[in-house]
Amino acid sequence: MRAALLAAVASGKVWDFEIDAGAVAETDDSATQWSNGAALNATLGKLEPNDVLVIPNKTYHIMGGIQASGLKSVVFQLEGTLSFSSDIKNWPTKDGTRVHECFFLENVENVTFTSSGKGTFEGNGAKWWGIPGVGYLERAENRPKLFEIADSREILVENLLFHNSPYWTFWVHGVDGLEVRHTDIEARRTTEDSHSVIDLTAFNTDGFDVTGKNVWIHDCNVWNQDDCIAVKDDSENMVFERINASGVGLTIGSIGGSTVRNITFRDCHMHHTYKGIYMKFRDSDQPGVIEDVLYENIVIDQPTQWAIWMGPAQQSDSRSLCAAHPCSICWPTLPGAHCNAPVTGSYRNITLRNVVVNDPKTSPGVLLGNSSNPMRNVVFDGVKINNPGKKPWGDNFYKCEAIQGIATGGTYPVPPCFEDRNQIVV
């Protein structure tokens, strides 16, 4: 990184957001938000290869709708904070209804986001989340993503904090070559050391959401109220390691009619998370595949809900909160709630190795395939649940259907639909 900045100084221009662009710091009124947003958009549009844009170590209140495309070989050095407006009524829209994202880039190449300290993208999400239990009914998912990059190559993100996004936090899709390091995500309503019912109403505050190939995210921290990491459709060759994560899981999905392959999660710790390991298919009329997946050296402490889930997406994506799309968030607690594994979703070659779950508050998990398309070659190697809960699955410990699975390496308890090879010595 230092070499890149020195090269930029030697051959490009260093833009100061305040001196060169006219931004105003430490002032939070509507006029300043709009003028700072205009200044950032204008400056991004002027950047040439090897330029550096420096946001000084101050707070800049800014309106959303920041957009740029075609940037190449530039550095975005965020020393301070970009604090996005909570003025929902006057937020810019694309068509009079759908809101613009906070920060959006497309078709960029060899772009670095960095800080010498901990630069912050502040989403001020609480206003967008609204009153717990009511805000989602008012705005549903018409809320801005905090940081989005589309159809780009060779991106580095380091030493940043993404805080209280209104909606998805970090959404990089169609990427070839992404590294994220020493970067944190936090989205919460309270300071509780768990995911309370109140906190979880900060719906859709996903952490690192990615699609594409050749992705490495490492040495990061995530505390949020939805998927901590979500590998989405058409993804391959991704590694996530040395991550502290607490939320709704280290997730692959939800996947529809596409293939996701060669995905590794390793050396991760999940403290007081809601869900742990989470793989999911949504309803689709096209076949989808999740294959060649490894979760290795994962520790999950006192998960509130399922430590391990493989099957349909358990989600609410409409104002009918308990509808099964394809698995109800009210299942299995609410009588009459449904959970259906899509027949078009295929799991193949899935390995969980050296996974330790301590004191789960419920039964360890759900492993739910479709009888017409069972999961194939699923291996639990040293998956150990300490003090497993018995609700709701009792002595079975798992809801386990339509899986060709093997348990080995001291796995306990063995899912009831798996072949137990713990006693076989090779």
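A disulfide here is a pair of cysteine sulfur atoms within 2.5 Å. Keep that cut-off in mind. The model on screen is a predicted one.

Let's start with the disulfides. How many disulfides does this rule give? The count comes to 3. In general terms, a disulfide is a covalent bond between the sulfur atoms of two cysteines.

Take Cys327 and Cys339. Their sulfur atoms sit 2.1 Å apart, so they pass the cut-off of 2.5 Å and form a disulfide. The angle about the S-S bond is -105°, and the link of Cys327 and Cys339 is left-handed. Cys327 and Cys339 both lie in the loop between E21 and E22, so this pair ties together parts that are 12 residues apart in sequence. Cys327 is buried, and Cys339 is buried too.

Next, Cys400 and Cys417. Their sulfur atoms are 1.8 Å apart, and they form a disulfide. This link of Cys400 and Cys417 is left-handed, with -60° about the S-S bond. Cys400 belongs to strand E25, while Cys417 is in the loop between strand E26 and strand E27, so the pair ties together parts 17 residues apart in sequence. Is Cys400 buried or exposed? Cys400 counts as buried, because its relative accessibility is 13%. Cys417 reaches 25%, so Cys417 counts as partly exposed.

Now Cys322 and Cys330. Their sulfur atoms are 1.7 Å apart, and they form a disulfide. The link of Cys322 and Cys330 is left-handed, at -60° about the S-S bond. Cys322 is partly exposed, at 34% relative accessible area. Cys330 counts as buried, at 15%.

How do the pairs line up along the chain? Number the bonded cysteines in sequence order, and the pairing reads 1-3, 2-4, 5-6.

Cys220 is buried, with a relative accessible area of 1%. Cys268 has its own closest cysteine sulfur in Cys228, 9.9 Å away, so that is too far for a bond as well. Cys268 counts as buried, at 3% relative accessibility.

On to the backbone. Pro332 is in the loop between strand E21 and strand E22. Another cis bond, with omega near 0°, runs from Gly253 to Ser254. Ser254 is part of strand E17.

Now look at phi. Asn50 is not a glycine, yet its phi is positive, near 80°. You'll find Asn50 in the loop between helix H2 and strand E2. Asn50 counts as partly exposed, at 31% relative accessibility. Asp234 also has a positive phi, near 55°. Asp234 is in strand E16. At 56% relative accessibility, Asp234 counts as exposed.

Last topic: the largest pocket. Its volume is about 1300 Å³. Which residues are closest to its centre? Of the 45 lining residues, they are Val248, Gln314, Gln315, Ser316 and Ile329. Strands E16, E17 and E19 are the elements that give two or more residues to this lining. By class, the lining has 17 nonpolar, 16 polar and 12 charged residues.

Notes
Residues are numbered from 1 along each chain as its sequence is written. This is a predicted model: local features need pLDDT of at least 70, side-chain atom pairs count only at pLDDT 80 or more; totals for chains, interfaces and linings use all residues. Side-chain values use heavy atoms; hydrogens and water are left out. On a 1 Å grid over the protein atoms alone, a cavity is a set of points where a 1.4 Å probe fits but cannot get out, and a pocket is an open set with protein on both sides within 12 Å along at least five of seven lines; lining residues have an atom within 4 Å of a point. Grid points are joined across faces, edges and corners, and a volume is the space filled by probe spheres set on the points. Helices (H or I, at least four residues) and strands (E, at least two) are DSSP runs, numbered from the N terminus. Ala, Val, Leu, Ile, Met, Phe, Trp, Tyr, Cys and Pro count as nonpolar, Asp, Glu, Lys and Arg as charged, and the others, Gly among them, as polar. Buried means under 20% relative accessible area, exposed over 50%, partly exposed in between (1.4 Å probe, protein chains only).
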